[in-house]
Amino acid sequence: VGPMATTVWMGVLYVLKRYQEALDASTSLLAVIEERVAALPHVPEFWFLRGLTAAELLPTAPASQRPRLRACTRVSLAKLRRFARQGPDNFAHQALLLEASCAFAAGRIKRAMELYRQATERARKQGYHQHAAIACERRAELCLIEQLPYEAAQELARGMNLYGDWGARAKVDQLLEDYRELFQDYPLPSGTLTARSARSTGTH
């Protein structure tokens with residue numbers, strides 16, 4: 001399997017929340033990526049996904065693993081910030097999204113929520129629906145932590161529509177199932193793709 005295919009697979013694993021598998025895949029590819037020309041399209045995506053995965057694992061990782069995960073997020077963020085300076089339209093939202101995930105891992109919830117909002121807006125503006133969807137989903141999780149269920153449901157609805165635009169219907173179904181109780185109390189907007197899916201699966 002080549003580097004591009006492995007990077008795509010990392011993205012699938014990350015979206016499905018199989019974080020350890022995604023990190024293991026990135027580690028197996030690390031030596032090859034470090035030798036590649038940064039302009040190749042999958043190289044920034046690799047650092048983006050590797051950093052996001054490490055940030056997701058950090059809060060619950062054993063103490064012995066945290067220094068390695070923190071180093072992984074630092075290196076990945078530094079790479080993305082450099083890419084963003086060279087090509088802000090393509091990479092600035094990725095740097096914002098990873099910075100948000102790092103803020104969350106460090107317990108800075110409000111800072112993370114603002115960065116996720118910025119990342120969503122920038123990703124949508126540039127047509128990166130999958131990245132905007134990730135940011136919406138992550139911001140929804142923080143809304144629930146902050147006891148803002150209505151806002152969480154709205155963010156999830158936006159995220160599911162974006163995942164649907166990307167063609168990730170399995171992810172939409174996963175979110176409908178994972179947040180079934182939330183959507184019973186705060187129904188999805190009527191007439192949307194996700195609302196129709198919710199009715200067909202019995203969420204409403």
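This report describes helices, salt bridges, ring contacts and a surface patch in one structure.

The model is predicted, so local features need pLDDT of at least 70 and side-chain atom pairs count only at pLDDT 80 or more, while totals for chains, interfaces and linings use all residues. Residues are numbered from 1 along each chain as its sequence is written, and side-chain values use heavy atoms, with hydrogens and water left out.

Helices here are DSSP runs (H or I, at least four residues), numbered from the N terminus. Helix 7 covers residues 129-145, and its end C-alpha atoms lie 25 Å apart, which agrees with the 24 Å that its 17 residues should span at 1.5 Å a residue, where the expected span is 1.5 Å times one less than the number of residues. Because 14 of its 17 residues are buried, helix 7 is largely enclosed by the rest of the structure; buried means under 20% relative accessible area, exposed over 50%, and partly exposed in between, with a 1.4 Å probe and protein chains only.

The structure holds 15 salt bridges, each being a side-chain nitrogen of Lys or Arg within 4 Å of a carboxyl oxygen of Asp or Glu. Three of them are tabulated here.

| Salt bridge | Closest N and O atoms |
|---|---|
| R18 and E21 | 2.9 Å |
| E121 and R117 | 2.7 Å |
| K171 and E137 | 3.1 Å |

The pair of K171 in helix 9 (residues 169-178) and E137 in helix 7 links distant parts of the chain, 34 residues apart. K171 is buried at 2% relative accessibility, and E137 is buried at 1%. Both belong to a network of salt bridges that also includes K17, E56, R138 and E141. By contrast, E121 and R117 lie in helix 6 (residues 109-125), 4 residues apart, about one turn of the helix, and R18 is partly exposed at 33%, as is E21 at 39%.

**Rings and a surface patch**

There are 5 aromatic pairs, counted when ring centres of Phe, Tyr and Trp (its six-membered ring) lie within 6.5 Å, with planes under 30 degrees apart called stacked, over 60 edge-to-face and the rest tilted. One of these is the tilted pair of Y14 and Y19, at 5.5 Å centre to centre and 50 degrees between the planes. Y14 is buried, at 0% relative accessibility, and Y19 is buried at 14%.

W9 is partly exposed at 43% relative accessibility.

Methods. Helix = DSSP H or I, 4+ residues; strand = E, 2+ residues; numbered from the N terminus.
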